[in-house]
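Trainee: I would like to go through this structure by question and answer. Please show it first.

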Number of protein chains: 2
Amino acid sequence: MSKGDTTRQAILERALSMSSVIGLEGISIGRLADDLALSKSGLFAHFRSKEALQLQVLEVAAQQFVDSVVRPALKEPRGEPRLRALFERWLVWARSQSLPGGCIFVSATMEMDDRPGPVRDALARYQQDWINVLATATRAGQESGAFRGELDPEQLAQEAYGLMLSYHLFARLLRDPQGEARARAGFEALLARAVGPARTPAK
Amino acid sequence: MSKGDTTRQAILERALSMSSVIGLEGISIGRLADDLALSKSGLFAHFRSKEALQLQVLEVAAQQFVDSVVRPALKEPRGEPRLRALFERWLVWARSQSLPGGCIFVSATMEMDDRPGPVRDALARYQQDWINVLATATRAGQESGAFRGELDPEQLAQEAYGLMLSYHLFARLLRDPQGEARARAGFEALLARAVGPARTPAK
DNA sequence: ACATAAAACGAACGGTCGTGCTATTATGGA
DNA sequence: TCCATAATAGCACGACCGTTCGTTTTATGT
């Protein structure tokens, strides 16, 4: 890896942790350069626009996410273990020390969901990928007979993601120490619904 | 209402819809003044700092939220109807045309949850109030016998809020037309769990 | 109608922003 | 070791930021 690539990686790493706190738009090239003892223009030369920097930050985050959440979880056996691994590893990811501001995809989503442009588009692709991982893992569980066939995988994915998002809010904003336990309890209930017999509440 | 109060209210209204799109921090006093055909300094004089403006924006949003979501829903009978009303009215609120960027509390939460200060503190109070509304409504349902006694109201509140948050993501970022239906389905399942017999999944 | 107070204005401040240019320094292959 | 090239620095730009100040316009109450 050449010298340029090395510093570029260092910049992206730092920009990632910075934007997990103050948002993708909040990254400032000047502050970033100061933090890394680089000149503003020297840093800027690596990316040729702030937008390119933002896109590469998201790319690095996506790589790390796949490496630390998706790939290991997909080694678990189909059905409950795999889904549980995805969920548990997401919790670990969301409070990893390399992301002092929590999951960057979560904060970036709420920040960019109404700002059209390439960054929003890339973000939507990453999020859709993650939803697809959850839905596909659910389908695999159905095929192996672990989950009910009538279960809608996208429904489970949306509900599961909801538990991760509310965990994010309870743990980060409200600093509620029970947030994590409740997120787990919610997920277990979700799995129970996926496994158990068709549940038609007595009307 | 004096002239000053009138324009102040107009400013806050506009700042609210602006920050639902570009965030609380993203509000710019200059742009706000242009939009309203006011001078920057004239507008600024109404608040004496940007932070004060942000706090008042949150306050206005909270008032509107109570008026259009909480208060009407609390007129519904205890138990399922009241909780359902809270949920349904939240969905309406989140896509109200006065909030072109979705629920401002959601976006502000992800934006400010790592930025200490009075704005973060106020936001946390408002969010906690909303959680308490959900939990209290749940407890009222328990007292009237509509919900199981072993049910943890805070657990239901966190899960319900999760459904709202993932709805926000699916509908706004992914533009998934089924996001709303899935949010409803998830909420119905949540209610069914709250009503139905104690559910101990076969271990 | 007038005096007084409230509200809005215009200009300017020091900063920071992203982004160009041009020069200088470091790196790595021949 | 030399040289082409890559990497970084320095400086300046126009734009916008929140904020202050002194002035002028407008509204309010008598």
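Trainee: Which residues have the most contacts inside the largest nonpolar core?

Mentor: This is a predicted model, where local features need pLDDT of at least 70, side-chain atom pairs count only at pLDDT 80 or more, and totals for chains, interfaces and linings use all residues. Residues are numbered from 1 along each chain as written, while chains are lettered from A and ligands numbered from 1 in the order written. A nonpolar core is a set of buried Ala, Val, Leu, Ile, Met, Phe, Trp, Tyr and Cys residues joined through C-beta atoms within 7 Å, and buried means 20 or more other C-beta atoms within 10 Å of a residue's own, C-beta atoms being placed from the backbone. The largest core has 108 residues, and those with the most contacts inside it are A:A160 and B:A160.

Trainee: What does A:A160 touch?

Mentor: Touching means C-beta atoms, placed from the backbone, within 7 Å. Residues up to four places away in sequence are not counted. That leaves A:F87, A:L134, A:F187 and A:L190.

Trainee: Which element gives the most to the side of chain B that touches chain A?

Mentor: The contact takes 39 residues from each of chain B and chain A. Elements giving two or more residues on the chain B side are α6, α7, α8 and α9. The most, 13 residues, comes from α8(B).

Note on methods: Buried ≥ 20, exposed ≤ 12 C-beta atoms within 10 Å, placed from the backbone. Contact = placed C-beta atoms within 7 Å. Helix = DSSP H or I, 4+ residues; strand = E, 2+ residues; numbered from the N terminus.
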